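Look at the model below with its ligand in place.

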Amino acid sequence: MKAKVIIIGGGLSGVLAAMQLAQFPGGPDVLLIEKNPELLGRGVAYQYDFTHQPLNVVAGGMSLFADRPLDFVEWLEANHFKYNHLIEKVSPQEFIPRKIFGDYVLENLERVQHEAADRLQIRIDEAVSIMDFGTRKTVVLASGNELHADHVILALGNFPPADLFLPDNPVQNDPRYYASPWSDKVYSHITGDEHILLVGSGLTAVDIVLGLILRKFSGKVTMLSRRGRFPLPHDLSHPALQILEPEIKHPRKMLLWVRELIRKNPDIPWPSIMDGLRPFTKKIWLAWTLDEKSYFLRKIRPYWEIARHRIPAKSSALLNEMMNAGKLELKKGYIVEAIATDSGIEIVYRSERNDIRQVFHKVINCTGPESNYRKVRFPIIGDLIGQGKVKTDELGLGIKCTPEGRIINQRGEIEEGIWCIGPMRKSVLWETTALRELREQASELALLIAGK
Ligand SMILES: Cc1cc2nc3c(=O)[nH]c(=O)nc-3n(C[C@H](O)[C@H](O)[C@H](O)COP(=O)(O)OP(=O)(O)OC[C@H]3O[C@@H](n4cnc5c(N)ncnc54)[C@H](O)[C@@H]3O)c2cc1C
């Protein structure tokens, strides 16, 4: 009998895994399950509504196929006529709107499904449980159906941000507070002259500001984050510094190493120097102890995030323009109190040891995807933790798994037949969200599962 693989999650990771498996000669039957039809092939990052939020990687770096690096650029050239209103020109150096990349992913999924119709199926439903069924697995769906498979791949991706307020705080359920920023609904109730608080100042907060600019927003935006820093802009004139594999035994050494290279290369911006580390990140992270990883998260992560996850220079210029016009301010601090009032949500935030009280018309949680699985309220996560099939990691980064995506259960053993891909591997790989990483994971996973 032919093996069967069920992939749970139809975002970029799930689609890449499905395409790789379906194209594998003599490979298994594949069923891709996505709970939200609007997110099929797009996930949260490449949604239909993101018409003006750009990719944070240039088009030349966004091919779905490692052996055809310019595939996305060629696809754009062939389809440019559809997007004349969104992109001026096509070149490998352009930052393309994320919706268009989503169209490209979806079109490729449809093509592979057409070519391998007998092998790849797609189903819209939510997987809520995975149970043992002899040596196989049973996936239970929210619709009540049960499906059997030899392998299940979890591609659950990015979870909504952690709650900002305690459950008993009325603000948590106030319609003027948006607990998740990844929806067009965020904009539908914002009127032009309001004062909006974005909690967080990373890529998601920048996305929201770009969405507001597009909608001719004339009010004011305050961004509040612990570090009070924007992601840095890409500088395409400085590619990653080419380096030999460094020996970085402790994160403190990483700082010394970067400082030394900055001193030796005064003409190269420090983010390009950090880019040079990218090919070695996985190995460095795997070699560190728990204490060392914890040190990195406490002391170095903020600098890492702004340098590694950058924004197009054009987005950065738009932020500066808004700041210069007095319509955007960036505050360093954190919320200490939130009260729902008639005129808005009253926030007290602590900044530079002062408590500042301000009323905002809307508050949007842009703190980034929650990776602490104990706090995630998805039925399947509760089920897998409850059954002991999945173990959360000590640093709140994700779940225990091997670098190649085998799940480690609460007995510390490999949970046979269950795999994961994408952001779910963060605890073991650290950098595991960019297309390049997901592409590599999907092809390795297909080889491990179908290549036997
Ligand atoms: C806003 C944003 C912008 C980004 N921009 C870029 C970029 O420009 N370039 C880049 O390289 N990377 C970017 N990334 C990184 C991004 O995380 C990855 O590129 C990728 O989208 C991750 O895909 P995923 O499939 O793992 O997760 P997701 O996109 O989160 O998809 C997971 C899917 O699983 C579904 N799902 C979850 N649970 C279930 C269930 N129980 N049953 C059925 N379905 C389920 C969800 O509905 C969702 O569709 C961005 C990320 C974000 C959040």
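Predicted model: local features only at pLDDT ≥ 70, side-chain atom pairs only at ≥ 80, totals over all residues.

Start with the ligand. The shell around the ligand holds 34 residues. Those that come nearest are Ser-13, Glu-34, Tyr-46, Asn-56 and Asn-158. By class, the shell divides into 19 nonpolar, nine polar and six charged residues.

An oxygen atom of the ligand sits 2.7 Å from a polar backbone atom of Asn-56. Asn-56 is also one of the residues that come nearest to the ligand. At Lys-35, a polar backbone atom is 3.2 Å from a nitrogen atom of the ligand. At Leu-435, a backbone N or O atom lies 3.1 Å from a ligand oxygen. How much of the ligand does the protein bury? Taken alone, the ligand exposes 990 Å², and the protein buries 95% of that.

Next comes the second largest pocket. Its space is about 640 Å³. The lining has 22 residues, and the closest to the pocket centre are His-52, Pro-54, Leu-86, Phe-95 and Lys-314. H5 and helix H10 (313-324) are the elements that give two or more residues to this lining. H10 gives the most, with four residues. By class, the lining has twelve nonpolar, six polar and four charged residues.

A search of the whole structure turns up three cavities of 30 Å³ or more. The largest cavity contains about 70 Å³ of space. Which helix gives the largest share of its lining? Helix H5 (residues 203-214) does, with four residues. Among the lining residues are Leu-203, Val-206, Asp-207 and Leu-210. Others include Ile-311, Pro-312 and Ser-315. Pro-54, Leu-55, Asn-56 and Arg-98 also line this cavity. By class, the lining has seven nonpolar, two polar and two charged residues.

Asn-56 lines the largest cavity and has a backbone contact with the ligand. Pro-54 lines the largest cavity and is among the residues closest to the centre of the second largest pocket. Helix H5 gives residues to the cavity lining and to the pocket lining.

Definitions and conventions: Residues numbered from 1 in each chain as written. Heavy atoms only, no water. 1 Å grid on protein atoms, 1.4 Å probe; cavity = no way out; pocket = protein on both sides within 12 Å on 5 of 7 lines; lining within 4 Å. Points joined across faces, edges and corners; volume = space filled by probe spheres on them. Nonpolar A, V, L, I, M, F, W, Y, C, P; charged D, E, K, R; others polar. Near = heavy atom within 4 Å. Polar contact = N/O pair within 3.5 Å; in protein donor to acceptor, adjacent residues only side chain to side chain. Areas by Shrake-Rupley, 256 points an atom, 1.4 Å probe, with all protein chains shown as cover.
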